Amino acid sequence: MTRTTAAGHLLIYAPVPVYREGTSLYIERQAVNGLRLWSEHFGRVTIVMPEKAAPRPQGWMLMSEALEPLPKVRVVTVPSAYGAQRFLYALPRQRRRLRKLIAEADYLSFAIGGLFGDWGAVCAVEALRLRRAFAIWTDRVESDVLRQTREWGGWKQQLKSRLYRRPMAWLERALISRADLGLFHGRETYDAYAAFSRNPQLVHDIHISGTEHISPAALQTKLSQLEQRPLRIVYAGRAEGMKGPEDWIDVLERLAALGTPFEAEWLGAGSCLQMMRDRVRRAGLSDKVRLPGFVEDHAEVRSRLQRADVFLFCHKTAESPRCLIEALTGATPIIGYEGAYAQDLVADHGGGVLVPRGDAAALAAVLADLSTKREGLARLMQNALADAAPYTDEKVFAHRCQLIRRYLAPVVRPPSDKGPSGRALGAVTGN
């Protein structure tokens with residue numbers, strides 16, 4: 001993909017939090033890679049991120065060190081204020097700050113998702129008031145995710161779902177319909193929102209370079225050893241209800257009952273991790289299943305994905321998780337629940353097998369069949385790698401940058417407190 005001239009000032013809102021410990025700020029390592037890639041296509045980049053005063057998680061690095069090699073990048077923080085009271089208290093001052101940043105920038109792109117504490121939505125409202133063109137970015141259908149928390153969440157989550165889901169869905173549609181560009185990550189999100197957007201675009205997000213896809217030599221080794229081992233199963237992601245950890249364990253229990261030899265691991269921490277460990281122990285699968293928690297080293301995660309024979313996922317919500325693409329880049333077929341995103345990823349070459357959402361028995365049957373038909377599994381691995389070919393961080397970021405440049409070219413317009421339709425937009429915040 002052709003590189004565009006690095007000119008113009010890009011302003012982004014990204015909901016990935018930064019953490020403050022004393023006087024130091026810490027930022028996620030993958031977010032830093034994103035800043036690097038944005039800066040290759042624009043003369044200046046300002047990114048607004050929510051700030052939390054809390055111990056940093058594993059995988060975050062010192063902000064000053066991260067930005068040292070990126071002189072064109074500036075990070076501006078806003079409070080992480082997801083409660084109604086805190087958000088409303090912070091809103092007046094932060095609106096003024098964000099409005100100033102928007103006025104200074106040439107190109108605008110805001111991630112949205114949520115209700116209270118959704119600073120991306122606030123940015124969009126301020127851009128409308130300034131009559132500035134902007135893009136909306138989403139990587140999951142947040143209102144639908146909230147709706148489905150009723151299936152696994154506690155009473156607080158269920159109450160929040162009932163109170164917030166409809167206002168959240170209205171806010172999503174109101175902003176997307178007014179945006180000049182919709183950047184929808186993955187087919188699932190695109191299908192949910194395209195009808196409300198005046199310019200919907202299907203995009204992707206990945207932080208693996210072309211050189212980090214599995215090498216031909218490593219693939220050959222993987223294929224040559226396929227007949228000599230139990231089926232290797234992997235998942236990488238948060239151990240939370242929306243990822244289907246109970247279904248994942250259910251599949252493994254069924255696989256064991258079928259007598260299929262396997263070894264499995266889930267790489268990731270979360271509120272469901274202890275539950276998973278308890279179920280593995282009760283099922284007598286401790287010798288087959290590893291649940292190490294969070295693995296900070298991304299190179300190690302890629303190595304584990306490449307080592308595996310299949311990537312088993314049981315996602316329950318409309319989202320576009322990067323882990324599916326990351327698995328494909330390791331020639332590891334994706335085996336899991338149907339969804340527009342997963343179906344689109346393997347549509348060209350068939351690098352995966354998908355079953356109806358919630359059918360753990362069908363997933364176990366697929367895995368048992370692949371374990372006995374290793375030639376078919378080998379072909380599936382090669383198909384997975386072919387499906388991964390378009391997905392590198394350089395390609396997907398270049399694609400998004402080209403869309404932003406093409407559709408959000410700066411235009412000088414008189415400021416206004418009304419949107420393009422002439423209606424006042426203050427209520428769009430959902431306050």
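Predicted model: local features only at pLDDT ≥ 70, side-chain atom pairs only at ≥ 80, totals over all residues.
The structure holds three cavities of 30 Å³ or more.

About 170 Å³ of space lies within the second largest pocket. Its lining consists of 14 residues, and those closest to the centre are E263, A264, E265, R290 and R307. Two or more lining residues come from each of the elements β11 (231–236), β12, β13 (289–293) and α11. By class, the lining of the second largest pocket comprises five nonpolar residues, one polar residue and eight charged residues.

E265, one of the residues closest to the centre of the second largest pocket, also takes part in a salt bridge with R304, with the closest N and O atoms 3.0 Å apart. This pair links distant parts of the chain, since R304 belongs to helix α11 (residues 298–307) and E265 to strand β12 (residues 262–267), 39 residues apart. Both R304 and E265 are buried.

Salt bridges were then searched for across the whole structure, and 28 were found. Side chains of opposite charge can pair when their charged atoms come close. One of the salt bridges joins the side chains of R74 and E104, at 3.8 Å from N to O. R74 is partly exposed, because its relative accessible area of 33% falls between the limits of 20% and 50%. E104 is likewise partly exposed, at 34% relative accessibility.

Helix α3 also contains R99, which is paired with E126 of helix α4 (residues 119–129), 27 residues apart. In the salt bridge between E126 and R99, the closest N and O atoms are 3.2 Å apart. The two partners fall into separate accessibility classes. E126 counts as buried, with a relative accessibility of 3%, because the limit for a buried residue is under 20%. R99 is partly exposed, with a relative accessible area of 27%. The pair is part of a network of salt bridges that links R95, R99, E126 and R129.

The search of the whole structure finds 11 aromatic pairs. In one of these, Y235 and F311 are arranged as a tilted pair, with 5.2 Å from centre to centre and 40° between the planes. Y235 is in strand β11 and F311 in strand β14 (residues 310–313), so the contact ties together parts that are 76 residues apart in sequence. Y235 and F311 are both buried.

A second aromatic pair is formed by W248 and W266. The ring planes of W248 and W266 stand at 90° and the ring centres are 5.1 Å apart, so the pair is edge-to-face. W248 is found in helix α9 (residues 245–257) and W266 in strand β12, and the pair links these distant parts of the chain, 18 residues apart. W248 is buried, with a relative accessible area of 0%. W266 is also buried, again with a relative accessible area of 0%. Together, Y235, W248, W266 and F311 form one aromatic cluster.

Strand β12 contains E265, the partner of R304, and W266, the partner of W248. Strand β12 also gives two or more residues to the lining of the second largest pocket, as does β11, the strand that holds Y235.

Finally, two arginines were found over aromatic rings. R56 lies over the face of Y26, at 4.1 Å from the ring centre. The charged end of R400 sits over the ring of W137, at 4.3 Å from the centre of that ring.

How values were computed: Residues numbered from 1 in each chain as written. Heavy atoms only, no water. Salt bridge = Lys/Arg side-chain N within 4 Å of Asp/Glu carboxyl O. Buried < 20%, exposed > 50% of the residue type's maximum accessible area, 1.4 Å probe, protein only. Helix = DSSP H or I, 4+ residues; strand = E, 2+ residues; numbered from the N terminus. 1 Å grid on protein atoms, 1.4 Å probe; cavity = no way out; pocket = protein on both sides within 12 Å on 5 of 7 lines; lining within 4 Å. Points joined across faces, edges and corners; volume = space filled by probe spheres on them. Nonpolar A, V, L, I, M, F, W, Y, C, P; charged D, E, K, R; others polar. Phe/Tyr/Trp six-rings, centres within 6.5 Å; stacked < 30°, edge-to-face > 60°. Lys NZ or Arg CZ within 6 Å of the ring centre and 35° of its normal.
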